[in-house]
Amino acid sequence: MKRGCKLVIGLAVLLALCSCGSEPVTPTFDEALLIGEWIENTVHEKYLPEGLGTTWDTADDVAEEEADTFNWSFDGSRLIQEHHMVVGVVPRILTVTKLDLENLVYEDSGGVPHHFFRNDTL
């Protein structure tokens with residue numbers, strides 16, 4: 001009986017210890033990898049080191065010289081783009097799920113994933 005009681009207490013302690021720290025871990029990405037030009041189909045996004053960026057869509061017959069500008073900040077996996085529009089600044093909050101030398105994948109606020117590839121023709 002004592003052995004069974006000790007086993008139950010031991011399992012309870014083990015479960016209590018395992019449940020601590022079981023919060024989901026948010027991935028962290030290196031901000032330096034974001035710098036450069038990224039392409040998803042006809043959409044281009046260019047991130048400059050000083051927190052400035054541009055975006056344009058060649059399907060809309062828009063060239064880089066006519067690109068919309070935005071400020072950006074990056075914290076771990078949260079990418080914020082602040083787009084400068086006629087009506088004011090419009091923030092876009094994105095969740096990065098993959099960032100390496102060749103791939104940038106983020107989800108927009110609606111959970112829609114966007115898969116960009118680095119433009120290596122620079």
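Reader: Start with β5 and β6. How many residues sit between them in the hairpin?
Author: Two residues lie between β5 and β6 in that hairpin. Strands here are DSSP runs of E with at least two residues, helices are runs of H or I with at least four, and both are numbered from the N terminus.

Reader: Before I go on, what kind of model is this?
Author: It is a predicted model: local features need pLDDT of at least 70, side-chain atom pairs count only at pLDDT 80 or more, and totals for chains, interfaces and linings use all residues. Residues are numbered from 1 along each chain as its sequence is written, and side-chain values use heavy atoms, with hydrogens and water left out.

Reader: What's the average pLDDT for the chain?
Author: The chain averages 85, and 78% of the residues score at least 70. pLDDT is the predictor's confidence in each residue, from 0 to 100.

Reader: What stands opposite Ile80?
Author: Ile93 in β6.

Reader: What do the eight strands make?
Author: A closed barrel, running β1-β2-β3-β4-β5-β6-β7-β8 with antiparallel pairing. Neighbouring strands of this sheet are turned by 35 degrees against each other on average, direction ignored. Axes are lines fitted to C-alpha atoms, for helices over the stretch in contact, and angles run from 0 to 180 degrees between N-to-C directions.

Reader: How about β2 and β3, how many bridges?
Author: Five, in the antiparallel sense, with β2 at residues 43-47. Val43 faces Asp57 in β3 across that pairing. Four residues lie between the strands in their hairpin, where Gly51 takes a positive phi near 80 degrees.

Reader: Why is β3 largely enclosed?
Author: Because five of its six residues, 52-57, are buried, the rest of the structure largely encloses β3. Buried means under 20% relative accessible area, exposed over 50%, partly exposed in between, with a 1.4 Å probe and protein chains only.

Reader: And its link to β4, how many bridges?
Author: Four, antiparallel too. Thr54 stands opposite Thr69 in β4.

Reader: Now β4 to β5. How many bridges there?
Author: Six bridges join β4, residues 68-75, to β5, residues 78-85, and the two run antiparallel. Trp72 stands opposite Gln81 in β5.

Reader: Switching to aromatics. How many pairs?
Author: Three. Rings of Phe, Tyr and Trp (its six-membered ring) pair if their centres lie within 6.5 Å; planes under 30 degrees apart count as stacked, over 60 as edge-to-face and the rest as tilted. Take Tyr47 and Trp72: their ring centres are 5.7 Å apart and the planes stand at 80 degrees, so the pair is edge-to-face. This pair links distant parts of the chain, with Tyr47 in β2 and Trp72 in β4, 25 residues apart.

Reader: Are Tyr47 and Trp72 buried or exposed?
Author: Both are buried. Ring pairs also link Tyr47, Phe70 and Trp72 into a cluster.

Reader: One more residue. Where is Ser73?
Author: In strand β4. Ser73 counts as partly exposed because its relative accessibility is 37%.

Reader: What does Ser73 contact, leaving aside neighbours within four places in sequence?
Author: Arg78, Leu79 and Ile80.

Reader: Last one. What share of the chain is buried?
Author: Buried residues make up 30% of the 122 residues.

Terms used: Pairing = 2+ DSSP bridges. Contact = heavy atoms within 4.5 Å.
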